[in-house]
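Please keep the sequence and the 3D view at hand while reading.

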Amino acid sequence: MSPLRRRLLFGVPLAVAAAGGAAMYTLLGRMRRGQYNPEAFPSPLLGKPVPVFSLPGTGGLPGFANTDLVNMATPVLVNWFSSWCAVCPQEAPQLAELAAKGVPIWGIDYEDTPAALAQFLSLYGTPYTRIGNDKSGLTAVNWGVYGVPETFLIDKTGIVRWHFAGALTDNLVQKQIEPLLERYA
Amino acid sequence: MIPELGHFALALAVALAVTQAVVGLIGPLLRDPRALAAAPLLAVSQFAAAACAFGALVWAGVVSDFTVKNIADFSSSKVPLFYRISGVWGNHDGSILLWCLILSLCGLAVAVAGGNLPASLRARVLGVLGLVSAGFLLFTLTVSNPFTRIWPPPQNGMGINPVLQDPGLAFHPPMLYIGYVGFSVAFAFAIAALLEGRVDAAFGRWVRPWALISWCFLTGGIALGSLWSYYTLGWGGYWFWDPVENASLLPWLTGTALLHCAIVVEKREALKAWTVLFAIATFSLSLTGTFLVRSGILNSVHSFAASPNQGLFILALLGITIGGSLLLFAIRAPVLAAAGIYAPLSRESALVLNNVFLGACTAVVFTGTLYPPLLNVFTGVQISVGAPFFNETVIPLSVPIILTMGAGPLLAWKRAALAPVLRRLALAGAAALLLLIAMTANTNLITALGLAGGAWVIVSALTDLATRAGITRVSPGAAFARLLKLPRAQVGAALGHLGFGVTVLGIAGMTLASQSVVVLSPGQSVKVGGYNWQLESITAAPGPDYTQHIATLHVDGLVLHPSRRFFSAQKVITSDAAIHTNGFVNLYAVFAGEPNGHAELRLDVHPLAPEIWLGGLIMALGGFFSLSDRRLRVGAPARRRS
């Protein structure tokens, strides 16, 4: 190896570190300006129609497909859940409250068995008017679901308007979901 | 009063660290013997000042002095004494002070134990350590001061985060920090050697014990953190590829590579530039890990309240430390020439392969960890990289590491003959192959490969020891006597490899875990993973700052007590897993919830799970055993090698 090439090669670690440092500096700047929040889980579906899917029903309720989500009378909440999910029961009161107010909540049961689902629904109630069965988990991949529970707000024309990964809270329902339901009513 | 003294001691430590840096780095240039002699004294005084500062904060925690904001925010008078002390480093400001204390402890260690080093080298090492210390102490003093007061003081503190109220987590951060920060010594040696313009066998001999002791603590710290998440988080997982976990794994990977290539520098005066680069990289990755955690740039379950301003300060420190050292490397390292030459099949080549694969592993984990923020820089898009990526990339890379690991120690230096090595590896190969065939029939290929890989490493490490003891040449009794007389460094290295093999077995075994979530009412039973689990009762019991519900489970004659704790101060519920182990299988029960008076339980059977941490323990103990070798001991004169 020529001495010059050897010198250049030994400068590579410095160049890599400098590039990394510049990138981190940019990110810190964006964090300060509020343009970057590592805690947020934005959905790539926001502002777009839901992906093509068709799920059979389960838990004694009908399933649904992407074609059912267009031309709706009101916006719909699509709630991903599963009986094995430890966090899902936490949002049962919020979902029940929304359902009592007449908000249609369509569930998608993620990688679950009918028996376990039946037990889950008997324990925590059924806020859903439809439940799709995503037994294989493939629809979840297309939706970009990080993990259950996860909730999407779909407007009357089938466009995803809002998304949250994690259990819903009273605060989220009052500050975010209810205003959006009114706006897209 | 005491917190003010601590605050003052912290300011004094900054001043002493700056002086230590100036005297240590300028002294050797002036060839001033007074400056060379002053550097160790400054390091000792800096440690004394940092220890006073830390002691003052611990004191404030012990007496529950709620005028100190740090104590008011993270402790309360109801918290037991043990956690009032460990809580001091369970939060951002306190933990960075602990970080600084350990850094100054490293300076103290070099000052005290480095008597046999050339005076100018010792001054330079202490100068580099002083410079790093000065930066982080200044950070603590100015933007992350744990002694900030509040007035009026609250009646009681906010209380410690319940998840941190656990003995495992009291010891995990100090151990991890000793590991992280300990690599600063290897780093300082590398910088000092570049400044002196000399990297030789002596450098390898000096740097190795420091790297090894840090490596042992880092191994222990990572294992402890993993064990803690296994039994407290209640997911039954032991490694989540969380960015903060990755930040501790990265220096472990490069530190392991450093340990191996420093051997080559010591024995054969080759791989010098690699060794220097790995020494710089290991401490740089430790620093980067600290930065990533503090700045909040990465999304992680390890929630430290993040602040971009503090992030900017640390980024500047990183720029000076890492940028400066890599610049020095780029200027000085190209002239380092290898003295020893070796054949493609030799111990040296095996160690080069080790470096290449560990380096590749580091690159992959680094990429996966930093890909989400970096993608955001260039495209503004936000994504997350999870466990599937790491499993898909790290598992294939570990195959060549495991293969090399078995064969490497059996190869001779300079030039090895293939036939005798293959003969010695026959036993390990046969064991691995048998296990592979037997397990592929019963389980999936990945599990079978993992179990075979673990067996390969374990049997070849044992073969290595047996061969060195001369088991084929002398009687078993004589061989055992020879085994006890083997150099401890060799036994330690074999133990280190053996421990890794045991961990691999554990990881492979865990892929066969059976899991289920069930809802039972008292008296009901269920069959999970071949065991019959019966819920006997749910009882309530008070605790110091929580109330708890305990479930009593009977599992084939064993009794398990998983519990749920309600911390009223923080309105938090934690689940304590109940684990029964026989050394090879863990029964794992979590009391997840109480819907309508029933018990929601997570019941798992984890085969070979204990081996994951047993392997970590063996690795760390192997390292410590190796450290007790006379040839490696710091301060002991080097014996002539025969």
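## Charges over rings

The charged end of R564(B) sits over the ring of F591(B), 5.8 Å from the ring centre. A charge sits over a ring if NZ of Lys or CZ of Arg is within 6 Å of the ring centre and within 35 degrees of the ring normal. In chain A, the ring of W106(A) has the charged end of R130(A) over it, 4.5 Å from its centre.

## Basis of the model

This is a predicted model, in which local features need pLDDT of at least 70 and side-chain atom pairs count only at pLDDT 80 or more, while totals for chains, interfaces and linings use all residues. Residues are numbered from 1 along each chain as its sequence is written, chains are lettered from A and ligands numbered from 1 in the order in which they are written, and side-chain values use heavy atoms, with hydrogens and water left out.

## Aromatic pairs

Rings of Phe, Tyr and Trp (its six-membered ring) pair if their centres lie within 6.5 Å; planes under 30 degrees apart count as stacked, over 60 as edge-to-face and the rest as tilted. Over all chains there are 26 aromatic pairs. One of them is the stacked pair of W162(A) and F164(A), with 6.2 Å between centres and 10° between planes. W162(A) is buried at 8% relative accessible area, whereas F164(A) is partly exposed at 25%; buried means under 20%, exposed over 50% and partly exposed in between (1.4 Å probe, protein chains only).

In chain B, the rings of W274(B) and F278(B) are stacked because their centres are 5.5 Å apart and their planes lie at 20°. These two residues are four apart in helix α10 (residues 272-295), so about one helical turn separates them. W274(B) is partly exposed at 39%, and F278(B) is buried at 6%.

## Packing of two helices

Helices (H or I, at least four residues) and strands (E, at least two) are DSSP runs, numbered from the N terminus. Helix α7 (residues 167-196) of chain B packs against α10(B) at about 140°, with the axes 8 Å apart. This makes α7(B) oblique to α10(B), since angles under 35 degrees count as roughly parallel, over 145 as roughly antiparallel, 65 to 115 as roughly perpendicular and the rest as oblique. Axes are lines fitted to C-alpha atoms, for helices over the stretch in contact, and angles run from 0 to 180 degrees between N-to-C directions; contact means heavy atoms within 4.5 Å.
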